[in-house]
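Hi,

Here is the model you asked about. Have a look at it first, and then read on for what turned up.

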Amino acid sequence: MRKNWLDNLRWFTVLLVLLYHVFYFYNNKGVFGGVGGFNPDPMKQPQDIVMYILYPWFMMLLFLLAGISARYSLEKRSAKEFRKSRTLKLLVPSTIGLLVFQWTTGYFNVNCGAEHPDLSQVPVLIRWMIYSVSGSGPLWFAQELWVFSLLLLLIRRLDANDKFRNLCAKASTPIIILMGVLIWFGSQFVIMNPKLESLDGMYNLYRPAAYFIPFLMGYFVFCNDSVLERVKAMCIPMTVCAVAACVALCITGWGRDYTCPQYLSGWLNCLYAWLMILAVMGIFMRWFDGTNRFCAYMNRSSYGFYVLHYSILVSFGYMFKSYTQMPAWLIYIALAASVFTLTPLLYEILRRIPLLRWAILGEKRK
């Protein structure tokens with residue numbers, strides 16, 4: 001039996017990712033990427049508050065939900081079938097899909113910066129490869145989740161009889177809350193002073209420990225109905241605490257680069273992330289555990305939206321700021337409208353073309 005709340009929370013979080021990127025693209029907080037903000041003073045672009053609210057927790061939540069889903073999936077299929085399905089859905093779009101489609105994202109990533117390199121003399125094939133590598137964008141999530149899925153197949157052999165999972169099912173409410181310490185622990189495994197000329201920044205983007213821990217939490221802890229019932233029961237106090245932590249974090253961190261290692265590893269950032277994860281899970285279990293035609297469509301399509309949205313965002317986002325005289329507030333509205341309408345349209349087109357459906361979306365032809 002499907003967990004409707006799980007499906008609904010997953011696609012809702014994907015929509016939050018789309019919304020986040022609209023604001024991220026024009027941030028002026030020193031965060032890598034985008035085309036820059038509309039005000040040189042990082043203290044004077046209040047719309048960026050959306051990023052401070054969302055960034056600490058929404059990707060951790062997606063990994064935790066992926067861990068729960070992995071548990072349910074492995075109860076119905078063999079390890080070989082699981083590995084094959086994960087490879088199709090996650091690895092193919094984030095490797096072959098880069099060469100087939102995401103190079104368009106890389107083109108804008110390379111050329112829309114203030115100090116973009118001149119590649120006009122570079123051979124076309126080399127330029128295509130550069131654009132493809134630069135076009136991974138949010139597909140780092142798929143790449144990392146694929147690795148986590150393979151590691152999980154090894155780890156689950158250590159608990160073949162589900163002894164650890166059954167032990168986790170007994171976790172009390174205080175223990176569930178205290179698991180936030182594990183979120184803090186995982187967030188310490190970042191490079192505090194990354195070297196600009198190295199891959200340190202890429203490692204800090206992937207933050208493997210910070211995301212692998214919630215993935216394992218989902219697989220071993222939050223797949224248990226007893227634990228989920230406790231999370232559901234405490235959703236209201238968790239929401240109040242999460243809002244309070246959010247306010248404190250936004251006040252103390254406003255104007256800073258919210259993706260820098262020192263900020264991400266801070267105790268208040270980790271506390272807010274964990275409280276918010278518990279709060280939204282409880283809210284969706286309590287009030288959004290149903291389904292309808294729209295929810296069913298979003299559950300089927302949201303991953304495709306995630307894969308495709310950034311190419312639309314960077315192309316339209318760059319053109320709106322560089323080639324129009326629209327005020328900032330209208331640019332945000334225009335970009336959000338473009339992303340939320342054209343992404344589903346592009347998805348519906350590509351999913352009907354067999355080869356592109358496989359290479360870009362990781363979907364079999366039906």
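Leaving out neighbours up to four places away in sequence, Phe-222 is in contact (heavy atoms within 4.5 Å) with Leu-64, Ile-68, Ile-176, Met-179, Met-217, Val-227, Leu-228, Val-231, Trp-274, Leu-278 and Met-281.

Before going further, some ground rules. This is a predicted model, where local features need pLDDT of at least 70 and side-chain atom pairs count only at pLDDT 80 or more, while totals for chains, interfaces and linings use all residues. Residues are numbered from 1 along each chain as its sequence is written, and side-chain values use heavy atoms, with hydrogens and water left out.

Back to Phe-222: together with Trp-5, Trp-57 and Met-281, Phe-222 has the most contacts inside the largest nonpolar core, a set of 119 residues. Helix H15 (residues 267–287) supplies the largest share of this core, 14 residues. A nonpolar core here is a set of buried Ala, Val, Leu, Ile, Met, Phe, Trp, Tyr and Cys residues joined through side-chain atoms within 4.5 Å. Buried is under 20% relative accessible area, exposed is over 50%, and partly exposed is in between (1.4 Å probe, protein chains only). Helices are DSSP runs of H or I with at least four residues, numbered from the N terminus. As background, nonpolar side chains tend to be buried together in soluble globular proteins.

How many salt bridges does the structure hold? There are 10, each one a side-chain nitrogen of Lys or Arg within 4 Å of a carboxyl oxygen of Asp or Glu. In general, side chains of opposite charge can pair when their charged atoms come close.

One of them joins Arg-165 to Glu-75, at 3.6 Å from N to O. This pair links distant parts of the chain, with Arg-165 in helix H7 (residues 163–168) and Glu-75 in the loop between H3 and H4, 90 residues apart. Arg-165 counts as buried because its relative accessible area is 13%, while Glu-75 is partly exposed at 48%.

Arg-165 and Glu-75 also belong to a network of salt bridges that takes in Arg-71 and Asp-162. Arg-71 sits in helix H3 (residues 58–74) and is buried, with 4% relative accessibility. Setting aside residues up to four places away in sequence, Arg-71 touches Asp-162, Arg-165, Tyr-219 and Cys-223.

Asn-224 lies in the loop between helix H11 (208–220) and helix H12 (225–233) and is buried at 5% relative accessible area. With residues up to four places away again not counted, Asn-224 touches Arg-165, Cys-168 and Ala-169.

- Glu-348 and Arg-352 meet at 2.6 Å, N to O; Glu-348 is buried at 16% relative accessible area, whereas Arg-352 is exposed at 58%.
- Arg-357 pairs with Glu-363, with the closest N and O atoms 3.4 Å apart, and both residues are buried.

**Cysteines**

A disulfide would need the two sulfur atoms within 2.5 Å, and a search of the whole structure finds zero disulfides. Cys-295 is in none either, since the nearest cysteine sulfur, in Cys-235, is 18 Å away. Both cysteines are covered: Cys-223 is buried, at 2% relative accessible area, and Cys-295 is buried, at 11%.

**On the surface**

Which residues make the nonpolar surface patch of about 880 Å²? Ile-96, Leu-99, Val-100, Trp-103, Tyr-107, Leu-125, Trp-128, Met-129, Leu-355 and Trp-358 do. The areas come from the Shrake-Rupley method with a 1.4 Å probe, and for residues only the protein chains shown count as cover.

Helix H4 (79–111), helix H5 (124–134) and helix H18 (354–361) each supply at least two residues of the patch, and H4 gives the most, with five. Val-100 is in helix H4 and is partly exposed, at 37% relative accessibility.

Elsewhere, Ile-175 in helix H8 (residues 173–178) is partly exposed too, at 42% relative accessible area.

Cheers

Terms used
Patches are made of residues with over 30% relative accessible area and no salt bridge: like charges are joined within 9 Å, nonpolar side chains (Val, Leu, Ile, Met, Phe, Trp, Tyr) within 5 Å.
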